[in-house]
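This briefing goes through a single chain by topic. Please keep the sequence and the model open while reading.

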Amino acid sequence: MTGRFLFVLPFVMLLGCVDTFEQHLAYDYLGDGVHEVAPVQTPALADTVSVKGELGSASFGGRLRVSDSRLFWQDGADITLDYVVDDGVFVPTDDQGLVLLSFYHHLAGVRDDLSGRGWQDDMDAIFPVTTIAWTPEQLVSAATPIENAAYLSGGINAFILYEDANNNIPLGAHAGVVRHEFGHAWFQVLMLPVVERALNGDPVVEDLRAVNEGFADMVAILSLDDPMAIPFVERNPRLAHTTDGFTGSDDPYSLGVVFAGFAWDARVLSNDAEQTLELTVGALEDFREFLFTEESDGTAQQFGLMLYDRYSSEINDFRLCQAWRIRFPDLVGRCGR
Ligand SMILES: [Zn+2]
């Protein structure tokens with residue numbers, strides 16, 4: 001009897017595991033701001049049910065804690081997604097699973113894109129992250145500025161998806177939003193000496209957040225080669241954003257959109273988003289060095305000088321100067337001003 005029982009049990013377990021899958025459902029990005037729920041592959045996702053893999057592990061809940069004016073991340077719970085397998089496709093049976101898998105898919109997409117373009121070392125510095133947390137905004141935003149999703153830097157290195165910010169296309173499942181948040185992680189790596197000075201209360205630039213938000217949008221629009229990658233009308237880089245009237249604003253996006261707007265100008269003139277992204281990263285590295293020189297006046301908008309220098313090294317077109325003069329009316333030292 002015992003022998004037969006032992007024989008039968010593995011057979012039953014096998015039946016339970018017959019549903020293998022090669023793909024999972026996610027909000028796939030079609031471009032021009034349009035997403036569609038469709039089967040995709042995410043090789044970096046080693047364990048789909050637990051949402052774990054090369055990028056790190058996702059979790060439910062977790063919170064930011066402030067202690068001695070320092071931020072700590074308190075872990076949430078491990079994840080076991082509810083799902084069915086339908087024709088070789090892993091189908092999460094709730095909204096949380098669909099958003100988390102979409103986030104993982106987009107994050108793996110940008111990492112793989114950029115690893116393949118020579119930024120492997122930077123990607124190794126970012127991944128794996130501490131966590132990718134699905135958590136109510138209130139457990140995090142007490143300590144951070146309001147966003148729809150967030151990247152926690154300052155030694156925490158985690159991505160947060162606010163479960164209560166998901167209307168329409170869930171923002172945590174949005175390709176452009178994911179790439180924007182990834183841009184903050186990359187910014188942290190590229191600008192480390194500057195970020196550390198700011199954390200120590202001795203900043204070398206006022207409003208580093210504006211450069212950070214601008215860079216994050218640039219990563220999203222240039223890596224997807226899509227000016228509609230950010231789902232907020234006022235962040236469209238084709239709008240006539242200029243520093244005029246914005247300088248000194250508390251809203252980091254008001255200056256950030258000017259940088260992203262100028263990046264898109266360069267993208268349009270060169271017709272080469274990949275090269276424009278490379279030049280943008282170079283400009284940020286130049287800015288990191290420049291901020292420690294005597295030449296710097298400590299303002300964030302000087303990033304516009306570095307962007308111009310890098311773009312003009314490849315784009316030989318008088319319209320680049322026209323665009324620069326419109327975007328940065330207060331900057332001098334370039335384009336005959
Ligand atoms: Zn941001």
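Leaving aside its neighbours within four places in sequence, which residues is A216 in contact with? They are H180, G183, H184 and F187, where contact means that the C-beta atoms of two residues, placed from the backbone, lie within 7 Å.

The model is predicted: local features need pLDDT of at least 70, side-chain atom pairs count only at pLDDT 80 or more, and totals for chains, interfaces and linings use all residues. Residues are numbered from 1 along each chain as its sequence is written.

**Chain overview**

- The chain holds 10 helices and 11 strands; helices (H or I, at least four residues) and strands (E, at least two) are DSSP runs, numbered from the N terminus.
- Of the 337 residues in the chain, 43% are buried. A residue is buried if 20 or more other C-beta atoms lie within 10 Å of its own, exposed if 12 or fewer, and partly exposed in between, with C-beta atoms placed from the backbone.
- Among contacts between residues at least 6 apart in sequence, 68% join residues at least 24 apart.

- A216 belongs to helix α6, residues 208-223.
- A216 is buried, because 25 other C-beta atoms lie within 10 Å.
- G176 is 40 residues from A216 in sequence, and the two are 9.7 Å apart in space, C-alpha to C-alpha.
- Two packed helices are described by the angle between their axes and the distance between the axes.
- For helix α4 (residues 175-190) and α6, the axes come within 7 Å and cross at roughly 130°. Axes are lines fitted to C-alpha atoms, for helices over the stretch in contact, and angles run from 0 to 180 degrees between N-to-C directions.
- That angle makes α4 oblique to α6; angles under 35 degrees count as roughly parallel, over 145 as roughly antiparallel, 65 to 115 as roughly perpendicular and the rest as oblique.
- The α4 and α6 crossing is right-handed. A crossing is left-handed if the near helix is turned anticlockwise from the far one by less than a right angle, and right-handed if clockwise.
- On the α4 side the contact involves G176, R179, H180, F182, G183, H184, W186 and F187, and on the α6 side N212, F215, A216, D217, V219, A220 and S223.
- The residues of this contact divide into seven nonpolar, six polar and two charged. Ala, Val, Leu, Ile, Met, Phe, Trp, Tyr, Cys and Pro count as nonpolar, Asp, Glu, Lys and Arg as charged, and the others, Gly among them, as polar.

**The α7/α10 pair**

- Helix α7 (residues 252-270) packs with helix α10 (residues 318-327) at an angle of about 170°, with axes 10 Å apart.
- α7 and α10 are therefore roughly antiparallel to each other, and their crossing is right-handed.
- V258, G261, F262, D265, A266 and L269 of α7 make the contact with R319, L320, A323, W324 and R327 of α10.
- The residues of the contact of α7 with α10 comprise seven nonpolar, one polar and three charged.

**The four-stranded sheet**

- Four strands form an open, mixed sheet in the order β2-β1-β8-β7; two strands pair if DSSP finds at least two bridges between them.
- β2 (34-40) and β7 (83-86) stand at the edges with a single partner strand each, so one side of each has no neighbour in the sheet.
- From one strand to the next the twist averages 50°.
- Helix α2 (residues 95-126) packs on the sheet and touches β1 (23-31), β2, β7 and β8, and its direction makes about 65° with that of β1.
- β1 and β2 run antiparallel and are joined by seven bridges, with Y29 opposite H35 in β2.
- The β1-β2 hairpin has two residues between its strands, and D32 in the turn has a positive phi of about 55°.
- β1 pairs with β8 in the parallel sense over two bridges, and H24 stands opposite F90 in β8.
- β7 and β8 (residues 89-92) run antiparallel, joined by four bridges; V89 in β8 is the bridge partner of D86.

**Backbone points to check**

- D87, in the loop between β7 and β8, has a positive phi near 55° and is a residue other than glycine. D87 is exposed, because 9 other C-beta atoms lie within 10 Å.
- C335 lies in the segment after α10, and its phi is also positive, near 55°. C335 is partly exposed, with 16 other C-beta atoms within 10 Å.
- F127 and P128 are joined by a cis peptide bond with omega about 0°; P128 lies in the loop between α2 and β9 (131-135).
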